[in-house]
Amino acid sequence: MTKQELFSAVIITDDEVISLAELCRSCALSAEQILPIIEYGIIEPLPTSRNSIVHWQFSADCVPRMQMAIRLQRDLDINLAGTALALELLDELKTLRQRVAALQRD
Amino acid sequence: MEYKDYYQILGVEKSATQDEIKRAYRKLARKYHPDISSETEAEAHFKEVGEAYEVLKDPEKRVAYDQLGKNWKTGQSGFQPPPDWNEGFEFHGGGFTGGDSADFSDFFESLFGQRAAGAHRSSRAGQQRGFQVRGQDSHARVFIELEDAYHGATRVLTLQSTELGADGRPHIRPRTLNVKIPKGLKEGQTIRLQGQGSPGYGDAKAGDLYLEIGFNPHSLYKVNGHDVSLELPITPWEAALGATIQVPTPSGKVELKVPPGSSSGKRMRLKGRGIPAPTRGDFYVTLEVVLAQKQSEKEKSLYQALQQEAVHFNPRANLGV
């Protein structure tokens, strides 16, 4: 690879959709490992595809979130319920930090 | 090479029990985990803590390390392990912390070898040689300027990636990527670089690289999603009489018509002048009436004339005073 080569990035939007297989591949996990993560609501299949697991689809946003869940679980030795809670609290913390930053700039 | 005091890194006494070491590690891992921590250098700390725990949690490695470390202090350089230092010790591989043990320091490697650090990794990935498995997707964070969200940007990123070498062991390879960041991003959004994640096994394709976008704070503008706002100082007479004022925006200067009788705090919208996403953000201007710090005698007398003229105006009427 040459350093001069320029790679174009693509924005991941809410409307980009991936299948369960693609999600497994992106996170290097098997479907069996991903199912409990879905059961704990860490990520959710899109409402339109929820009826049958064969047709499950996910927003592409799920990939970074899944990866974060995997890192937290692995590095901190926490179970799925704990991971789900940690992620929710981190989301909340992020929103609050953004709000504080906005207020401080006023 | 610098000698590393693993006890100091974990903040425990040399006499600490295995349980104390475990507790100290868990606490620090939570404190410095890069996904959680807002500390600077969290990632470096996290790796250091993981490395220290890797050694101290394993009674065999700990004893060997203690033997070696008697005469060394942390940060002291020039460290070289004696050639036969680990004679009489047998390392059984043991469990490894889940962290990226492939990133351990030279100090660790000189003591326990690449093999030790690599064992963990290759057990996860190495057996897949001969198979074709598309590489895992990787993840990193990148900070951009607000202007980059308007115009797009190119960024040079340096990433540490682990690859299987010809010998079947993982090696760390820093790589530099020239990335074109598209315009229209908002804070917290993720972008993807196809084929720039972990390499695939066999002839399979590499995974993708995901980059989470953060904005560096801007001296003028505030950003909320795709909307951008600015506080615009104006003079009392501009506020009273109305004016056409030049306003900076990240996409260039624009003329803003301030209507007569505008008060401080009045918010005006420039439609579509926010971040250029498919649904364009808007640009908001909040007016702020500003007075000069010192007034000349002439100015003072003009204000006095104004005071006498506008005697009927009570801005505090609805406060009941």
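Buried residues make up 25% of the 106 residues in chain A; a residue is called buried if 20 or more other C-beta atoms, placed from the backbone, lie within 10 Å of its own. Keep in mind that this is a predicted model, where local features need pLDDT of at least 70, side-chain atom pairs count only at pLDDT 80 or more, and totals for chains, interfaces and linings use all residues. Residues are numbered from 1 along each chain as its sequence is written, while chains are lettered from A and ligands numbered from 1 in the order in which they are written.

**How chain A is built**
- Chain A has 4 helices and 4 strands, which are DSSP runs numbered from the N terminus (helices: H or I, at least four residues; strands: E, at least two).
- Going along the sequence, the pattern in chain A reads β-β-β-α-α-β-α-α.
- Take the contacts in chain A between residues at least 6 apart in sequence: 56% of them join residues at least 24 apart. Here, contact means that the C-beta atoms, placed from the backbone, lie within 7 Å.

**Where chain A meets chain B**
- On the chain A side, 26 residues are in contact with 33 residues of chain B.
- Elements giving two or more residues to that side of chain A include helix H1 (20-27), helix H3 (62-76) and helix H4 (80-105).
- H3(A) supplies the largest share, 9 residues.

**A strand pairing across the chains**
- S2(A) pairs with strand S4 (residues 190-193) of chain B in the antiparallel sense over 2 bridges; to pair, two strands need at least two bridges found by DSSP.
- Val10(A) sits opposite Arg192(B) in S4(B).

Methods. Contact = placed C-beta atoms within 7 Å. Buried ≥ 20, exposed ≤ 12 C-beta atoms within 10 Å, placed from the backbone.
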